[in-house]
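Student: I'd like to learn how to read helices and their packing from a model. Can you walk me through this one?

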Amino acid sequence: MLLPSAPDARASGAWIAPLVSTIVTLPIALFFFGLVGLSAMACDSCGGEEAQRYSHSVTQGVVGLLLALVGAGVFLAVSWVLPWRQRNAARRTVFAVLAPCILGLSCVVFFALVARP
């Protein structure tokens with residue numbers, strides 16, 4: 001009888017990293033999405049060219065944040081979809097860790113793109 005090789009053996013705790021990443025990433029994404037929605041109101045009292053400049057910068061920031069949300073979703077999906085084998089354990093963990101990290105980076109990029117009123 002042939003025993004499966006070690007890299008092709010089923011990983012017993014393969015679901016832990018994607019689950020922890022999902023539990024961490026989804027609330028962070030909701031928080032950042034709400035923060036971006038509130039930041040659009042920071043220049044309600046502005047007028048003229050300053051309001052237009054701020055609106056344009058917020059639009060650029062929102063596009064960047066939405067792209068990062070899509071990227072984080074892709075990383076989460078990949079961490080769940082990878083075959084649950086020992087050879088994929090490191091890849092699954094890396095993708096699971098990258099999902100919340102890309103959201104943190106996107107928040108920094110958003111605040112760097114937005115012109116302060």
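Tutor: A helix here is a DSSP run of H or I with at least four residues, numbered from the N terminus. By that reading, R92 sits in helix α3. Keep in mind that the model is predicted.

Student: Let's stay with that arginine, then. Is R92 buried or exposed?

Tutor: The general idea is that a residue under 20% relative accessible area is called buried. R92 has a relative accessible area of 2%, so R92 is buried.

Student: What is R92 in contact with, leaving aside its neighbours within four places in sequence?

Tutor: With A14, P18, S79, L82, P83, W84 and R85. For S79 there's a distance too: a polar atom of the R92 side chain lies 3.3 Å from the backbone oxygen of S79.

Student: Now the helices themselves. How do I check the length of one, say α1?

Tutor: Compare the end-to-end C-alpha distance with the span expected at 1.5 Å a residue. Helix α1 covers residues 16–39, which is 24 residues, and reaches 35 Å, close to the expected 34 Å. For α2, the 33 residues should span 48 Å, and the end C-alpha atoms are 48 Å apart, so the two agree.

Student: Which residues of α1 are buried?

Tutor: First the general idea: an α-helix has 3.6 residues a turn, so residues three or four places apart point the same way. In α1, the buried residues are P18, S21, T25, A29, F32, V36 and S39. They pack against α2 (49–81) and α3 (89–113).

Student: What about the buried residues of α2?

Tutor: That list is Y54, S57, V58, G61, L65, A68, G71, A72, L76 and S79. Their packing partners are α1 and α3.

Student: How do α1 and α2 run relative to each other?

Tutor: Look at the crossing angle: over 145 degrees counts as roughly antiparallel. The axes of α1 and α2 come within 11 Å and cross at roughly 170 degrees. The two helices are therefore roughly antiparallel. On the α1 side, the contact includes P18, L19, F32, F33 and V36, and on the α2 side, Y54, V62, L65, L66 and W80 are among the residues involved. Sorted by class, this contact has 14 nonpolar residues, 5 polar and no charged.

Student: At what angle do the axes of α2 and α3 cross?

Tutor: At roughly 175 degrees, with the axes coming within 8 Å. That makes α2 roughly antiparallel to α3. By class, the contact counts 17 nonpolar, 6 polar and 1 charged residues.

Student: One last residue. Where is S39, and what is it in contact with, sequence neighbours within four places aside?

Tutor: S39 belongs to helix α1, and at 12% relative accessibility it counts as buried. Beyond those neighbours, S39 is in contact with Y54 and F110. To see how sequence and space can part ways, take S39 and V114: they're 75 residues apart in sequence, yet 9.2 Å apart in space, C-alpha to C-alpha.

Technical notes: Residues are numbered from 1 along each chain as its sequence is written. This is a predicted model: local features need pLDDT of at least 70, side-chain atom pairs count only at pLDDT 80 or more; totals for chains, interfaces and linings use all residues. Side-chain values use heavy atoms; hydrogens and water are left out. The expected span of a helix is 1.5 Å times one less than its number of residues. Buried means under 20% relative accessible area, exposed over 50%, partly exposed in between (1.4 Å probe, protein chains only). Contact means heavy atoms within 4.5 Å. Axes are lines fitted to C-alpha atoms, for helices over the stretch in contact, and angles run from 0 to 180 degrees between N-to-C directions. Angles under 35 degrees count as roughly parallel, over 145 as roughly antiparallel, 65 to 115 as roughly perpendicular and the rest as oblique. Ala, Val, Leu, Ile, Met, Phe, Trp, Tyr, Cys and Pro count as nonpolar, Asp, Glu, Lys and Arg as charged, and the others, Gly among them, as polar. A polar contact is a pair of N or O atoms within 3.5 Å; within protein, one must be able to donate a hydrogen and the other to accept it, and residues adjacent in sequence count only if both atoms are side-chain atoms.
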